[in-house]
Each structure stands twice: as structure tokens, then as C-alpha cells.
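Student: I'd like to learn how to read a model like this one, feature by feature. Can we go through it together?

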Amino acid sequence: MKIETIAIHAGNHTDESTKAVIQPIVMSTTFERAADGSYPSGYIYSRSANPNRTQLENVLAKLENGADAAAFSSGNASGMTVFQSLKPGTHIIGPDDMYHGLRNQLKNLFAGILEFDFIDVNDEMVLQDHIKSNTGLIWLETPSNPLLKVTDIKKVVKIAKSHNIKVAVDNTFATPVCQQPLALGADLVMHSSTKYFGGHSDLMGGVLVTAEKNDWWTKIRDVQGYGGAIPSPMDCYYITRSIKTLPYRIKGHVQNAQLMAAYLEKHPKVESVMYPGLSSHPQHETAKSQMSAFGGMLSFCVKGGSDEAKRVINKLKLFTQATSLGGVETLIEHRASVEGPDTKTPHNLLRVSVGLEHIDDLIADLEQALL
């Protein structure tokens, strides 16, 4: 099936008792046993499994062409589960511009338990030099947040496999509509389903999708079950519902982002634009080779430094100044302010989650703000 069909059908199950076309929300935390003590429905306790979560995980696995998926209460919870699944002393290699939420997890919660280096994973020699005997995971984020760097997944996978190292890819910015890392050789994919899967800035969740059901996946599932950082049945229901429109929403986000990036690149008050769909992007050819579309996220640097960037952001009327991304409304953020004093993000950079408003209205708003 094509991805549009998967999005609509793989997360739904017709209710047997009522024949309701849309699967109902099952709020029960526990399920009745049979006379012999077994569980004929297959469900025991909602922390371990729930009908709504089962269907959400099913559609998520199929969207990424994976063997299985595990849903979590947030993107950070899904990332933390990966780290918790690793043996103490495991060395992780991550990108130097890794999403600050997961980077801070490693630095503040796993220091002394796991080893880690944040490097330019696009530099093959640097990557090879940082591989150790205890390196167990290379974590990629492509396109990255907020610099929109693109990493050649196949190239990193080839290096990793030669050392028997696992590769996980944060695919939040791209979504499976634009990029499918498992098909490029990655072992694991992560998403913050708060973003494009939810799509309306009113849900929180995360997901891991595995290429195969192996011992590592069993460990990840154990962490999910024992730790209990799972989404509620209500959240599972609404994320599953939102996924039905995901492929069509992404088409609109991509179209608007491409047009906005082209406009900004020509503006005299814009220093640079970071969007993989622009031919000027340093990894544009890599993006073309592994992405079917370039996503709805972009960043741009304003001439005049941090103060000018903040002046622009405060003059915008349709762009909402807020964190997060992937909603139907356009959001903009001064990322350096969010990431703290050790940020590598330029202080004149503004990150934009391009929404589904009419592009002419968005560009007119940018025009008046950049004056």
C-alpha cells in the first residue's frame, strides 16, 4: 500500500461488538481474566498494552516499514528508553548539533553511566577517529534541529556495520513521508509524535520503530513496560486520528517551506537560509538522494545579530513565537535563547515551523517584519 493508504487504514480496527467504523477509545486500565486465569482478549493491564496503543504502534511501524513500534508519552521518553536499553559503559556517538533535550539527558542523567561524544558525524575521518571498542550506538538527526544539517545515512550505516555498531535516527523533522531511515540501513527510528504525527500542537508523544525484532528491541520493550512512560488511550486515539491526514498535511508544509525558503534567500536583510530543498544547502545533493521531500522546517539568520533577529520575531503577526513544531499554524523561535549558554546555534538564527496558512499571507507578514 502507498503511504496515504497506510496512514488511513493501518491504525484502525472495526469494533467487533458495535461494528463502529472508527475504533473506540478504551479507557480501562485492567482487563478481565477467563475462568482459567488467562486473558482471552490479549490484554492484561494498560501499562503493558492497550487496544488504542496497539493500533497506534501498528500504523507507526507500517509508516516506517519497520518490524514493530513502541509508543511513549513524549519524544524525550522514547529517546531516554534507547539510552536506558544500553549496557552501562556503552559509548554513544551523537551529532554536535544534537537536539538539546536529548543531549542534556545524556549530559545530566547518564554521565558516569554511559560515555558519549558529540561530533561532526558528516566528517568521515572524525567519525572513524571517535569509534572505540565500547561504541555501541551512533545517533543521527537528519535534518538536524535547528541547523537543518543533512547526514548521509547510508554512509554512516556502512561505517557502523563494519564495527558492529547500531544506528538510530531521529526522523522527527522529516517524517516517514519525506524520509525512511530503516530502508537506508538504520536499525532504529525515533520520532517526537508531538510534532507532525499529532500535527495540531495539542498532543504529546514519542515513538521508536525497529527494523527487526531482536534482543535490543526486546530490551527496549522491557524498558517501556517496566518504566511505564506510555501515552494514554486518549492520546493514542487522537494521534492515530491525526496520522490519517499526515501525508497530505506534509505536502502542504513542504510546498510552503520551499516557497518561504526561496523568498528568504533573496531578501537583502537575510544572511543565510538553512533548508535542504535549496540548491545552496551544503548537503542538498545528499538530501535529494535520501529524501522524497525536504520537510516543513527551515531556519534563517538575520543580518544585524541577535537584537535584530528578536526585533523581527516580535514584529510578526501570523507567526506565533513559541517552541515546538509540526502544527498547522506557523511557529517561529529564537533557538539560542531556548538552548542555553552552551548552544552552538547562531544568536541571529530564527527557526520556523512552516504551517499551512496561505503562503502569500506568510510572506507578506515576513515582508513587513523585515523592513
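Tutor: Pro143, for example, lies in the loop between strand S4 (135–141) and helix H6 (153–162). Keep in mind that this is a predicted model, where local features need pLDDT of at least 70 and side-chain atom pairs count only at pLDDT 80 or more, while totals for chains, interfaces and linings use all residues. Residues are numbered from 1 along each chain as its sequence is written, and side-chain values use heavy atoms, with hydrogens and water left out.

Student: How do I read the span of helix H2?

Tutor: The expected span of a helix is 1.5 Å times one less than its number of residues. H2 (residues 51–63) has 13 residues and reaches 19 Å from its first C-alpha to its last, close to the 18 Å expected.

Student: What sits at the ends of H2?

Tutor: At the N-terminal end, Asn50 is the cap, with a side-chain oxygen 2.7 Å from the backbone nitrogen of Asn52. Just after H2, Asn65 takes a positive phi of about 55°.

Student: Is H2 largely enclosed or open?

Tutor: Buried means under 20% relative accessible area, exposed over 50%, and partly exposed in between (1.4 Å probe, protein chains only). In H2, 10 of the 13 residues are buried, so the helix is largely enclosed by the rest of the structure. Among the buried ones are Arg53, Glu57, Leu60 and Leu63.

Student: Which residues other than glycine have a positive phi?

Tutor: Lys19 is one of them, at about 65°. It is found in the loop between helix H1 (3–9) and H2, and it counts as exposed because its relative accessibility is 53%. For its side chain, think of a polar contact as a pair of N or O atoms within 3.5 Å; within protein, one must be able to donate a hydrogen and the other to accept it, and residues adjacent in sequence count only if both atoms are side-chain atoms. The Lys19 side chain makes such a contact with the side chain of Glu16 (3.3 Å).

Tutor: Ser324 is another, with phi near 80°. Ser324 lies in the loop between strand S10 (320–321) and strand S11 (331–333), and at 24% relative accessibility it counts as partly exposed.

Student: Which residues are closest to the centre of the largest pocket?

Tutor: On a 1 Å grid over the protein atoms alone, a pocket is an open set of points with protein on both sides within 12 Å along at least five of seven lines, and lining residues have an atom within 4 Å of a point. The largest pocket has 21 lining residues, and the closest to its centre are Asn76, Tyr99, Ser192, Lys195 and Ser324.

Student: How is the lining of the second largest pocket made up?

Tutor: By class, there are 2 nonpolar, 4 polar and 4 charged residues. Here Ala, Val, Leu, Ile, Met, Phe, Trp, Tyr, Cys and Pro count as nonpolar, Asp, Glu, Lys and Arg as charged, and the others, Gly among them, as polar. Helix H8 (residues 215–227) gives the most to this lining, with 3 residues.

Key
On a 1 Å grid over the protein atoms alone, a cavity is a set of points where a 1.4 Å probe fits but cannot get out, and a pocket is an open set with protein on both sides within 12 Å along at least five of seven lines; lining residues have an atom within 4 Å of a point. Helices (H or I, at least four residues) and strands (E, at least two) are DSSP runs, numbered from the N terminus.
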